[in-house]
Amino acid sequence: MTAIHTVADLRLRARRRLPRPVFDFIDGGGGEEYSVGRNEAAFAETKLVPRLFTECRKRDLSVNFLGTNYAAPIGVSPMGLGNLAWPGTDEALVRATAAAGMPYALSTAGSSTVERVAELGGDRAWFQLYLPQEFELSKKLMQRADDAGVRTLVFTVDASQPGRRLRDRRSGFGRPLWEYPHAVLSYALHPGWSLSTLAAGTPTMANLSSGGGDFEGANAALQFMGSIMNAKLDWDSLEQVRALWPYKLIVKGVLSPEDARRIVAAGADAVMVSNHGGRQLGSVVSSLDVLPAIRAAVGPSYPLVLDSGVRSGEDVAKAIVMGANFVLLGRPWLYATAALGPEAGAAKVIEILRGELDNAMSQLGCATIPELTNDLLWRG
Ligand SMILES: Cc1cc2nc3c(=O)[nH]c(=O)nc-3n(C[C@H](O)[C@H](O)[C@H](O)COP(=O)(O)O)c2cc1C
């Protein structure tokens, strides 16, 4: 078996270890998936210019973001049903990132409860809010996050409809198995995943089927997704969330400089430039491509987070050079736990990303994260 050195290696190993419908759910995107390719291409096309004779023999990757110290500007994007990658994924990622001084954002649709994630993650645990149709339920979720001690809320605003996921339609993901014989075969051919998932129980949306009690039973996930699809997501709802959440608020899914300006004016603490990993609109612009325009719109010191397409520590450095203060990754964490198992996978991806960021900083002549400024960018 080939050794694992990069996120791309983890992805290949995950593809071998997962039944095809599960791998496609994690790996796939919206529509024709132009944006999935474009997200990664934007990083590949960004060119950096190292500076010479700087003192950077020792690098310090730490940052303070929204008042909390982190060991590196790297974290986990919110992902629903994370335990699908491998049973125990959510908890392994929270434990490993908290120990490494990085944030973990639990999705509303995550497979662990906000109480458990806050207990394991402390002040590194963030909670992501999808707005369900019933505003009362949003209030209840925010109250639970608050009671659990979460102080950073990520409000996702780019998913009022699920993306048009063609791979999921073709594989029959989430549909009754007997309708898709090729899927049954794929589960049978991947007994490692299938037996451990059978033993652990199919992942549920734990925050919605426990404590809240609003969406119970086997089709809780479908009921909830239906509720999100009908939610009224407008500027008033941002004001409502802002008024109800007294702590740090990050608005996720922003691609237009004009929207970013309005979100800043509405009192959000940070804007998250994200195209949902290309999982919503197939032809959407990449986060990295719009980042400089959003930085210009919000001013030099306003906190910006970026995700979508980040596949290495060098990509993290590029995102910061282009104007981000903090960088999250989605799929790479799930590739890792699927490829190596939850604990070993979480540890491996942290080691890879930190090592690559450290190496990139050394090559660029930067000793600290604030030195990753945009004059390191080749504009030829
Ligand atoms: C399996 C999966 C589930 C996701 N679920 C959510 C979710 O529940 N809430 C959310 O805001 N974003 C969700 N996302 C999007 C991620 O938060 C993130 O924006 C995206 O994965 C970043 O792109 P990357 O995977 O290329 O790093 C999900 C992504 C994946 C891969």
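User: Let us begin with burial: what percentage of the residues in the protein is buried?

Analyst: Bear in mind that this is a predicted model. Burial is judged by how many other C-beta atoms lie within 10 Å of a residue's own, with 20 or more counting as buried; here, buried residues make up 49% of the 380 residues in the protein.

User: How many helices and strands does the secondary structure come to, and how compact is the protein?

Analyst: The secondary structure comprises 17 helices and 10 strands. The radius of gyration is 20 Å, close to the 21 Å that the globule rule gives for 380 residues, so the protein is as compact as a globular protein of that length. Along its principal axes, the C-alpha trace spans about 65 × 55 × 40 Å.

User: What share of the contacts joins residues at least 24 apart?

Analyst: Among contacts between residues at least 6 apart in sequence, 70% join residues at least 24 apart.

User: Turning to a helix pair, at what angle do the axes of α4 and α5 cross?

Analyst: The axes of helix α4, residues 89-99, and helix α5, residues 114-121, come within 9 Å and cross at roughly 25°. Angles under 35 degrees count as roughly parallel, and α4 and α5 are therefore roughly parallel to each other; their crossing is right-handed.

User: Which residues make the contact?

Analyst: From α4 come Asp90, Glu91, Val94, Arg95 and Ala98, while α5 contributes Val117, Leu120 and Gly121. Sorted by class, the contact of α4 with α5 has 4 nonpolar, 1 polar and 3 charged residues.

Terms used: Residues are numbered from 1 along each chain as its sequence is written. This is a predicted model: local features need pLDDT of at least 70, side-chain atom pairs count only at pLDDT 80 or more; totals for chains, interfaces and linings use all residues. Helices (H or I, at least four residues) and strands (E, at least two) are DSSP runs, numbered from the N terminus. The radius of gyration is taken over C-alpha atoms; the globule rule is 2.2 Å times the number of residues to the power 0.38. A residue is buried if 20 or more other C-beta atoms lie within 10 Å of its own, exposed if 12 or fewer, and partly exposed in between; C-beta atoms are placed from the backbone. Two residues are in contact if their C-beta atoms, placed from the backbone, lie within 7 Å. Axes are lines fitted to C-alpha atoms, for helices over the stretch in contact, and angles run from 0 to 180 degrees between N-to-C directions. Angles under 35 degrees count as roughly parallel, over 145 as roughly antiparallel, 65 to 115 as roughly perpendicular and the rest as oblique. A crossing is left-handed if the near helix is turned anticlockwise from the far one by less than a right angle, and right-handed if clockwise. Ala, Val, Leu, Ile, Met, Phe, Trp, Tyr, Cys and Pro count as nonpolar, Asp, Glu, Lys and Arg as charged, and the others, Gly among them, as polar.
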